[in-house]
Amino acid sequence: MKLIKNIVFLSCFALLLTACQNADTTSNTRNKDLDTILSDISDKYVVLSVGTASKSKDVKVEVEDTEDVNKVKADIKRQLKENGLDAYKVNVRERNVKQVEKENRWLDIESKALAHLQENKEYKDVTYKKTDVTLKQPVTVAIVTPIDKSDDSAQEYSEKIKREVNTFLQTKDIKKQSQGDSYKIVIYDQDDQVIG
């Protein structure tokens, strides 16, 4: 009789343990949130960036151009559907790695150039505006000034800024970072009009 009680007890314990393991397995594959799904995608593929907008239910993913965009998109949609999140609109775009590297390099260079300019009180109110960086075209370094194009001193001020930025871009460290990319410097006034 004692043996039967022990067998029944062990059987019940084994069933309980199996049920708990099944519950854990289910929770690992189901009920993932969006961040977990996107993290899984980033682990599987070469993802360059991920953006989400909860209000519009948009998911935007950029992958390296070595990835199959359709495969990545299908994987995201499948996981979203499995987890009850299929209301999201998925947009996957491939990006050329060399293009992304050049964009990131010049974003950093422009930030440094702006910081260098703003160290001088005369240029403390200048900013820069983001421009499109492409592989085959010179980079446009766009500086925005707090002056108006019609000011008598606008052209002279513009030329001084150009010289200052160009001198900075020719420093040893920045030349090394720019990797020989060609560039042009364009100065804008406060109304987004080209001064020079």
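This is a predicted model: local features need pLDDT of at least 70, side-chain atom pairs count only at pLDDT 80 or more; totals for chains, interfaces and linings use all residues.
Close-up 1. The buried residues of helix 2, which spans residues 34-44, are L34, I37, L38 and I41. Because these four cover an arc of only 95° around the axis, they are placed on the same side of helix 2. The elements that cover the buried residues of helix 2 include strand 1, strand 2 (58-64) and helix 3 (69-82).

**Close-up 2. The largest nonpolar core.** This core has 22 residues, and those with the most contacts inside it are L117, V126, V141, I143, I161, V165 and L169. Two or more residues come from each of helix 4, strand 5 (139-144), helix 5 (154-169) and strand 6 (183-188), and the largest share, 6 residues, comes from helix 5. Apart from this core lies another, of 15 residues, which includes L38, V59, V69 and V90. In soluble globular proteins, nonpolar side chains tend to be buried together.

**Close-up 3. The surroundings of I143.** Leaving aside residues up to four places away in sequence, I143 touches L117, V126, T127, Y128, I161, V165, V186, I187 and Y188. Among these partners, L117, V126, I161 and V165 are, like I143 itself, listed with the residues that have the most contacts inside the largest nonpolar core.

**Close-up 4. The largest pocket and its lining.** The largest pocket has a volume of about 230 Å³ and is lined by 14 residues, of which R95, V100, E103, N104 and K130 lie nearest its centre. Strand 1 (47-53) and helix 4 each supply at least two residues of this lining, and helix 4 gives the most, with 6 residues. When the lining residues of the largest pocket are sorted by class, 5 are nonpolar, 3 are polar and 6 are charged.

**Close-up 5. A115 in helix 4.** A115 lies in helix 4, which runs over residues 97-118. The C-alpha atoms of A115 and V126 are separated by 9.7 Å, the two residues being 11 residues apart along the chain. V126 is one of the residues with the most contacts inside the largest nonpolar core, to which helix 4 gives two or more residues.

Key: Residues are numbered from 1 along each chain as its sequence is written. Side-chain values use heavy atoms; hydrogens and water are left out. On a 1 Å grid over the protein atoms alone, a cavity is a set of points where a 1.4 Å probe fits but cannot get out, and a pocket is an open set with protein on both sides within 12 Å along at least five of seven lines; lining residues have an atom within 4 Å of a point. Grid points are joined across faces, edges and corners, and a volume is the space filled by probe spheres set on the points. Ala, Val, Leu, Ile, Met, Phe, Trp, Tyr, Cys and Pro count as nonpolar, Asp, Glu, Lys and Arg as charged, and the others, Gly among them, as polar. A nonpolar core is a set of buried Ala, Val, Leu, Ile, Met, Phe, Trp, Tyr and Cys residues joined through side-chain atoms within 4.5 Å. Buried means under 20% relative accessible area, exposed over 50%, partly exposed in between (1.4 Å probe, protein chains only). Contact means heavy atoms within 4.5 Å. The arc is that of the directions from the helix axis to the C-beta atoms.
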